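Good morning, and thank you for joining this group meeting. Please look at the sequence and the structure together while I take you through them.

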Amino acid sequence: MMEEFVKASLEQDVGRGDLYALVEPSISATARIIAKSDGIAAGEEYINILAKLEDFEISWNVHDGESFSRGDILANISGTSHVLLKIERTFLNMLLHASSIATLTKKYADILQPYGVKLLDTRKTRPLLRVFEKYATRCGGAVNHRMGLDDSLMIKDTHLKTIDDLKIYIKKARNKIPFTAKIEVEAESFEMAKEAFEAGADIVMCDNMTPEEICEVVKYRDENFAHVLLEASGNISLQTIESYAKTGVDAISSGSLIHQANWIDLSMKMD
């Protein structure tokens, strides 16, 4: 899947061929990838595939998950001039996109680290870029939430509109979904969370609750359903995430890790 993604990304940029290569002969060349802003690196795994496909050499000075500062040389590359100039934008786009997500994710992860709360991403990803963008959040310190509808059963508010009896539904689900798949139920109030606990959920998501409301849910969970995991979600920002971490939940999920990431600045310079 990763190789297909890299091939498609390059094909989109190159089209029927780089017109530059029609004019000048190819010569040996080297180049540097330079950081023009601070950040967290991500994209190495994908770019290594690009290097293999296009037969150029790359030496990394900064690896996935490591920090870099403005002015740092992230990598040195060498090959023919035709190849380096052809792959420049594909290379930078993958590195920029992934590193930008990792950079924002790291800010969230650093806040949660003292509390031992897991940072989760969501399915709010760009179409066809889910694997790539979730890889980037991992580089920044997040743990992936489900990749799709097929790896765990989440019962959201929209699903609940179609379910008459949650307890009966979960009992039926246990006999149909894979043995290893967890069942998570979204709750928007203490009463809904209580119902989810009693219905047999493995995970309860406290969605759009205040930290004070979540503290009530945590207390009830600890006293009655200690085996159930708790996740907080819903419009959680850098400014508010610490208040949610203090509630005692096991994890906090945020789509902002991906859809609020602003691109950092990197460039390629030929030697």
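Let me begin with a definition: helices (H or I, at least four residues) and strands (E, at least two) are DSSP runs, numbered from the N terminus. The model before you is predicted, so local features are reported at pLDDT of at least 70 and side-chain atom pairs at pLDDT 80 or more, while totals for chains, interfaces and linings use all residues. Residues are numbered from 1 along each chain as its sequence is written, and side-chain values use heavy atoms, with hydrogens and water left out.

First, the overall picture. The protein chain contains 10 helices and 12 strands. Its C-alpha atoms fill a box of roughly 70 × 40 × 25 Å along the principal axes. The chain has 271 residues, and 49% of them count as buried. Here buried means under 20% relative accessible area, exposed means over 50%, and partly exposed is in between, with a 1.4 Å probe and protein chains only. The accessible surface of the chain is about 14,300 Å², and 50% of that belongs to carbon and sulfur atoms. These areas come from the Shrake-Rupley method with a 1.4 Å probe; for residues, only the protein chains shown count as cover.

A contact means heavy atoms within 4.5 Å. Among contacts between residues at least 6 apart in sequence, 70% join residues at least 24 apart.

D55 is in the loop between α2 and β3, the latter spanning 57–60. Although D55 is not a glycine, its phi is positive, about 60°. D55 counts as exposed because its relative accessibility is 63%. N235, in the loop between β10 (229–233) and α9 (241–245), also is not a glycine and has a positive phi, of about 55°. With a relative accessible area of 74%, N235 is exposed.

The loop between β10 and α9 also holds L238. Is L238 buried, partly exposed or exposed? L238 is partly exposed, with a relative accessible area of 27%. Leaving aside residues up to four places away in sequence, L238 touches L104, K107, Y108 and I111. From L238 to A109 the C-alpha distance is 9.9 Å, although the two are 129 residues apart in sequence.

Let us now consider helix α4. Seven of its 10 residues are buried, so α4 is largely enclosed by the rest of the structure. The buried residues are F132, E133, K134, Y135, A136, T137 and C139. Which elements do the buried residues of α4 pack against? They pack against α1, β2 (39–40), α2, α3 (81–112) and α10 (256–259).

The axes of α2 (residues 44–54) and α4 (residues 130–139) come within 10 Å and cross at roughly 125°. That angle makes α2 oblique to α4. Axes here are lines fitted to C-alpha atoms, for helices over the stretch in contact, and angles run from 0 to 180 degrees between N-to-C directions. Angles under 35 degrees count as roughly parallel, over 145 as roughly antiparallel, 65 to 115 as roughly perpendicular, and the rest as oblique. Where the two helices meet, E44, E45 and Y46 in α2 contact V131, F132 and Y135 in α4. After α4 comes G141, with a positive phi near 110°.

My last topic is salt bridges. A salt bridge is a side-chain nitrogen of Lys or Arg within 4 Å of a carboxyl oxygen of Asp or Glu. The whole structure has 12 of them.

R32 pairs with D271, and their closest N and O atoms are 2.6 Å apart. This pair links distant parts of the chain, as R32 is in strand β1 and D271 is in the segment after β12 (266–270), 239 residues apart. R32 counts as partly exposed at 25% relative accessibility, whereas D271 is exposed at 58%.

K106 and D110 form another salt bridge, at 2.8 Å from N to O. Because they are four residues apart in helix α3, about one helical turn separates them.

Finally, R126 forms a salt bridge with E133, with the closest N and O atoms 2.6 Å apart. R126 is partly exposed, with a relative accessible area of 35%, and E133 counts as buried at 0% relative accessibility. Elsewhere, salt bridges that share partners join R221, D222 and D250 into one network.

Thank you for your attention.
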